[in-house]
Amino acid sequence: MNFNSWNVFWRWCFASLATLIVFGNNLTIWIFLEQRRRKRASFLLISLSFADLLVGLFSIPLLITAYETSSVAIRKIFFLVDVFTALASIYTLGVISLERMFAVAWPHHHRTLKLRTYTFAVATPWIMAAIFAVLFLTLENILGLLIFCPAAPLLVMCLAYHVIWKKQRSSIAETVRVGLE
């Protein structure tokens, strides 16, 4: 089997993927920024699109470059950028699920949230991603971090959507009960 032909195929696939990621997330950011009346919740979606845009702009091209070269420095830079962009994206998804949970479970309080709350919600995933990316780069034994970092937002998302499901189920049951009376 000729592995050089496979390398060309995978380079082309990753380059195409990066192009689609950049195009799609640029379009998403542009659409949200062009809205006349921006909703505060769209700030989180813009942050998610920006994190994914960085994956397409930096992480995938660095992956191709790191694979092509044997440079240790390029591989470390790729690792740092890849971990940072991936964690920023995953943590932003976790924050979005918490925001959705808050909107469904406590709608009256959700409407009164200040811009400062959304600023904090946008900044937190980026700060956490930067901290963990540096920890990944500096620590030798990273297996625990490697498991914890993506698992924590996954657990948050599962719990948040479970609360949403329970809240929706209870409101449907309440509607049916009131309708039967």
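**Reading a helix pair: α3 and α5**

Me: At what angle do helix α3 (residues 72–105) and α5 pack?

Reply: Axes are lines fitted to C-alpha atoms, for helices over the stretch in contact, and angles run from 0 to 180 degrees between N-to-C directions. Here the angle is about 150°, and the axes are 8 Å apart. The model is predicted: local features need pLDDT of at least 70, side-chain atom pairs pLDDT 80 or more, while totals for chains, interfaces and linings use all residues. Residues are numbered from 1 along each chain as its sequence is written, and side-chain values use heavy atoms, without hydrogens or water.

Me: Which residues of α3 and α5 make the contact?

Reply: Contact means heavy atoms within 4.5 Å. Among them are Phe79, Val83, Phe84 and Leu87 of α3, and Tyr118, Pro125, Trp126 and Phe132 of α5.

Me: Which residues of α5 are buried?

Reply: Buried means under 20% relative accessible area (1.4 Å probe, protein chains only). An α-helix has 3.6 residues a turn, so residues three or four places apart point the same way. In α5 the buried residues are Tyr118, Ala121, Pro125, Trp126, Ala129, Phe132, Ala133 and Phe136.

Me: Where does the kink in α5 lie?

Reply: A bend is the angle between axes fitted to the seven residues ending at a residue and the seven starting there. The kink, about 25°, is at Ala123, shortly before Pro125.

Me: How many helices does the protein chain have?

Reply: Helices (H or I, at least four residues) and strands (E, at least two) are DSSP runs, numbered from the N terminus. The protein chain has 6 helices and 0 strands.

Note on methods. Buried means under 20% relative accessible area, exposed over 50%, partly exposed in between (1.4 Å probe, protein chains only).
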